[in-house]
Structures are given as structure tokens and as C-alpha cells.
Amino acid sequence: MIEARHLRVLRAVAATGSFSAAARELGCTQPAVSQQMKALEQSTGTPLLIRTGREMRLTEAGEALVRHAAGILAGLAAAEEEVAALAGLRAGRVRLVSFPSGSSTLVPTALAGLRAAHPGTRVSLVEAEPPRSVEMLRGGDCEIALAFRYPQAVADADPAAGWDDLVVRPLLRDRLVVMVPDDHRLAGAGTVGIGELAEEPWIAGCPRCRRHLVEVCEAEGFTPRIDFATDDYPAVVGLVGAGLGVAVLPELAVECVRAKGTATLEVKPAVRREVVALTLPDLARVPAVAATLDRLELAARR
């Protein structure tokens, strides 16, 4: 194996014409230069220098190696500088995948803080709901996935619930609330039990949220009549505001929409989903990824 330190010695010998002069340039002893040149010749398996009295010249192999050494050492120096920049957060890239209500609440605060602290770190964002976001993380399409799961989810029933191979950074427990039209009979109640809405038409959200809604309602002894289903939270709010049904939404989703024509009620007993940031164990040690995780955690404490 050719080592960079050996190439530096070879270049110095080629430039100065002797071991002693190369040693002075490199700040080491002549025997050290001689030993490194012998090690390099052993690595290459061929003589690199021809010694005739006080003169020293390169063999054809030595000339070829010196010719390539400049590019190799320059590339290595550039690589060392880039790694140092990444390690010092002067540079870096993080690809983040988030579900929509996380994108509009947690992510902006986190990324603003990250940019202020580490302006050289670049973060890109795409949206995907779990389990797709978790699949993207495992498939190498992102470094961090913002995801959620419900307490009732188990790995056998829900592939996204199995996170044993991932680093899980808990962010918050997002309470679910009921949204009803502002002229609904329960609009001023403040709190409501899911069973009190058994006869209502429902507007459901994403597939996982929809499944969870059905599970919660069935635990209360009824199956919800879902008239509308949409992944778009503003659409859910619009449908509720138009008097077309009631809905269960995470509080993060309520924060990011204008709830015109609606009333929000607390659910009794309380139902919460777990919101987390996920990454792979090796990625968790990358400075830019670790800094982004820290900023997401700070944003969740607001």
C-alpha cells in the first residue's frame, strides 16, 4: 500500500536531489528519509531512485509516481479539509423527511435555529407520511425522518411501529382533539367523549390516522361513518367548517390551519400520538445530523 507520507518524501527527494536536502525540507533526519524511501520501494515492488555517487535520479517508475503524487496529495488535502469542515459543522448536508403537520410547525423553528448556529449546514425537506418516511430512511433517501405512531400500534400490525433498528429521538406527545362545526350541539362543551359522536358523519385524515380513528371508535362501541377522507388538513377543516362532519386532528395540525367556522374540543379520555425524529445509528454520529436532531428537540419544547 502506498502511503501519503511516503509520497511526500519522494516528492521532496525528487525536488531537492538528495536525502539530506529532503530531510532538511521536511524537518526530519536523513535516516528517516532513507527508511521511508525503502518502504515505498517495497510497497511498489520496483526501484524508484538510482543512486550514483552523490547524484540521485528517478527511475521511470519514480517519475510516474512523482507525476501522480501531486494530484494524489492535493486530493487528499482537499478531502481532509472537507471532512474537517463537516466535522466542525462549517459544511454538511441533511435530507429531512417530515409529515405535513410537522413540516409546518416543528421543522421551520428547528431549521431557523440550525441555520443561525451553523450557516454552512444545508438541509433539504420533502414530505411523506409514515410508514413511507421510515422506508425512505432505511432505503438511504434521507438522513432524518420525522414520524409518529399511536400507542395502540404494534410492530406486527403496523410495519412503521418497528423502530428497533433505528435511533429514536422522542420529540413530543401530540394530543388529539375533536373538531366540530361552530354551530354543532357540542361546540361549547370544551370536552367530549368519542362515544358522544357515534351518530355523526366523520371526515378522516391520512390512512394511518384513519385506521386509528376506527380503532378508537370501535373501542367505544361503534364504527364511524366516514363520509370524506383526505390527507390535506386544510381540506379537513374546510369540510368541518362547512358542516359536513366532525373530525379528530392532532394539535400540531390545528396549529397550522385557520380553523374558520369550527370549534375544537378536548377528547376524554385523552388520546395522544408519539412524535419522534428517526435516524440510523451510523448517521446519528454525523455532526450535521446530530445538530439537526438537537434543533428538532428544542423546537418541540417550545
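**Salt bridges and a helix pair in the predicted model**

Arg225 and Asp227 join through their side chains in a salt bridge, with N and O 2.8 Å apart. A salt bridge here is a side-chain nitrogen of Lys or Arg within 4 Å of a carboxyl oxygen of Asp or Glu. Arg225 is partly exposed, at a relative accessible area of 47%. Asp227 is also partly exposed, at 36%. The classes are buried (under 20% relative accessible area), exposed (over 50%) and partly exposed (in between), with a 1.4 Å probe and protein chains only. Elsewhere, salt bridges with shared partners tie Arg169, Asp294, Glu297 and Arg301 into one network.

The model is predicted: local features need pLDDT of at least 70, side-chain atom pairs count only at pLDDT 80 or more, and totals for chains, interfaces and linings use all residues. Residues are numbered from 1 along each chain as its sequence is written, and side-chain values use heavy atoms, with hydrogens and water left out.

Across the whole structure, the search finds 15 salt bridges. Side chains of opposite charge can pair when their charged atoms come close. Glu3 pairs with Arg5, and the closest N and O atoms lie 2.6 Å apart. Glu3 is partly exposed, with 31% relative accessible area. Arg5 is partly exposed at 44%.

A further salt bridge joins Arg51 to Glu41, at 3.9 Å from N to O. This pair links distant parts of the chain, 10 residues apart: Arg51 belongs to strand S1 (residues 49-52), and Glu41 to helix H3 (residues 30-44). Helices (H or I, at least four residues) and strands (E, at least two) are DSSP runs numbered from the N terminus. Arg51 is partly exposed, at 42% relative accessibility. Glu41 is buried, at 15%.

Helix packing was examined for H5 and H10. Helix H5 (residues 100-117) packs on helix H10 (residues 287-300) at an angle of about 130°, and their axes are 8 Å apart. Axes are lines fitted to C-alpha atoms, for helices over the stretch in contact; angles run from 0 to 180 degrees between N-to-C directions. H5 is therefore oblique to H10. Angles under 35 degrees count as roughly parallel, over 145 as roughly antiparallel, 65 to 115 as roughly perpendicular, and the rest as oblique.

H5 contributes Leu106, Thr109, Ala110, Gly113, Leu114 and Ala117 to the contact (heavy atoms within 4.5 Å). H10 contributes Ala291, Thr292, Arg295, Leu296, Ala299 and Ala300. Eight of the contact residues are nonpolar, three polar and one charged. Ala, Val, Leu, Ile, Met, Phe, Trp, Tyr, Cys and Pro count as nonpolar, Asp, Glu, Lys and Arg as charged, and the others, Gly among them, as polar.
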